[in-house]
Protein chains: 2
Amino acid sequence: MHRMRVRVVEDALDANGTIARANRADFDRAGVRVVNLMSAPGAGKTTLLERALPELVHGDRALRVGVLEGDIHGTLDADRLASLHVPVTQINTDAGFGGECHLDANMVRSALHAMPLERFDLLVIENVGNLVCPAEFRVGEDRRAMVISVTEGEDKPLKYPLMFRACELVVVNKIDLLPHLDFDVERLLDNIAAVHPGVERVLVSARTGQGIDRWCDWLRAAAA
Amino acid sequence: MHRMRVRVVEDALDANGTIARANRADFDRAGVRVVNLMSAPGAGKTTLLERALPELVHGDRALRVGVLEGDIHGTLDADRLASLHVPVTQINTDAGFGGECHLDANMVRSALHAMPLERFDLLVIENVGNLVCPAEFRVGEDRRAMVISVTEGEDKPLKYPLMFRACELVVVNKIDLLPHLDFDVERLLDNIAAVHPGVERVLVSARTGQGIDRWCDWLRAAAA
């Protein structure tokens, strides 16, 4: 039974890879770079976007940014971002997708027609809050970033290694809370390095704005 | 393709229900009550057990407690709890189970032979850190509790309603951090009530011990 399950999963991942490559071809044709943003629930993905988008879309080096919001249910995050006057498209995984705990390439594909891709330099796909399955499903993105909040504990890279290995950037968020936590940042960074040596890291507080310039720099580089 | 996926999921849940009922029969035969403990990664499940177990296993109303630890990978949580001299059994979902993001009834069943069930009054099953899929898979438990940390945001019941509906208790953890957060507890409680009217809630800090007596009371009642 397990062997069968594993094979079903492998077949699903093969199909996902095929559709992800089709998405990627469409993104390339439109000239848009795509970032897949992942984390556990409540780590701060949406707040990080609320902080970064105004920086990215204004000023000398202004980028044209779109967001694709993935949630099981509702439009809370899309509503938050829409107030920034950035085009936001919502995918709900409970509507026709069985309440999936992650985005897959086919779900993203189903939303492509609703987005004017050729008018974006950068598309950020905010994945469903989950440290496990989103890491297994490429959606056609160029780069992947994940967010870990310092409230989640230093052990998470060791417990969820695939997610930390799957990304090109680890955003360590909520560092404004460090004085109030029993949390050893060096131990977290050591654990990240143990599962993904050399991965880029930025330490930020989406609440205070500390480190947000480096997060914006990474997004600008991703769009280049 | 979606319809097929939904049917595959429904078949899997049917099979899971059958095995969950077999687990439940074994638990009943052994006279052990079972709590399935769920949350997002880093909400504090293990720390809540570290706080509660010494209270439960000592004193006048001492309970015999066992723990089944579910993790994708590694034994970090089991190691933490083992130092409390409580019997802990580990299931890793990456070993033979394809790296699943939740425990299911069959995984729990595979561990039953390794636990002296008839010597426990209460078995706590600590699920994989995930706010989505664990809610879909009963494992034969009597009751389900979930933990939400106040660092995760007030919106989580609206975004992950199935998890908040699936449980008999919501533990609101890390309330010691409230003075340092932009977090409205009343709004969280309203959102919990909106998706699961009347569900029991306890507000705790696993760090300071505040409210832990009520968490212990609930576990004692679950074991009765």
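1. In this predicted model, strand 6 of chain B runs parallel to strand 7 (residues 200-203) of chain B, and 4 bridges join the two.

2. How much of strand 6 of chain B is covered? The strand, residues 169-173, is mostly covered, with 5 of its 5 residues buried. L169(B), V171(B) and N173(B) point one way from the strand, while V170(B) and V172(B) point the other way. Residues on both sides are buried.

3. Helix 2 (residues 45-57) and helix 8 (residues 212-223) of chain B pack at an angle of about 65°, and their axes lie 10 Å apart. Because angles of 65 to 115 degrees count as roughly perpendicular, helix 2 of chain B is described as roughly perpendicular to helix 8 of chain B. The crossing of these two helices is right-handed.

4. Which residues make the contact between these helices? Helix 2 of chain B contributes L48(B), L49(B), R51(B), A52(B), E55(B) and L56(B). From helix 8 of chain B come I212(B), W215(B), C216(B), L219(B) and R220(B). By class, the contact comprises 8 nonpolar and 3 charged residues, with no polar residues.

5. Most residues other than glycine have a negative phi. K174(A), although not a glycine, has a positive phi of about 65°. K174(A) is located in the loop between strand 6 (169-173) and helix 7 (185-195) of chain A. Is K174(A) buried or exposed? Its relative accessible area is 12%, so K174(A) is buried, the cut-off being under 20%.

6. The second case is H85(B), a residue other than glycine whose phi is positive, near 60°. H85(B) is placed in the loop between helix 3 (76-82) and strand 3 (88-92) of chain B. With a relative accessibility of 72%, H85(B) counts as exposed, because the exposed class begins over 50%.

Conventions:
Residues numbered from 1 in each chain as written. Chains lettered and ligands numbered in written order. Predicted model: local features only at pLDDT ≥ 70, side-chain atom pairs only at ≥ 80, totals over all residues. Heavy atoms only, no water. Axes fitted to C-alpha atoms, helices over the stretch in contact; angles between N-to-C directions. Parallel < 35°, antiparallel > 145°, perpendicular 65-115°, else oblique. Left-handed = near helix turned anticlockwise from the far one by under 90°. Contact = heavy atoms within 4.5 Å. Nonpolar A, V, L, I, M, F, W, Y, C, P; charged D, E, K, R; others polar. Buried < 20%, exposed > 50% of the residue type's maximum accessible area, 1.4 Å probe, protein only. Pairing = 2+ DSSP bridges.
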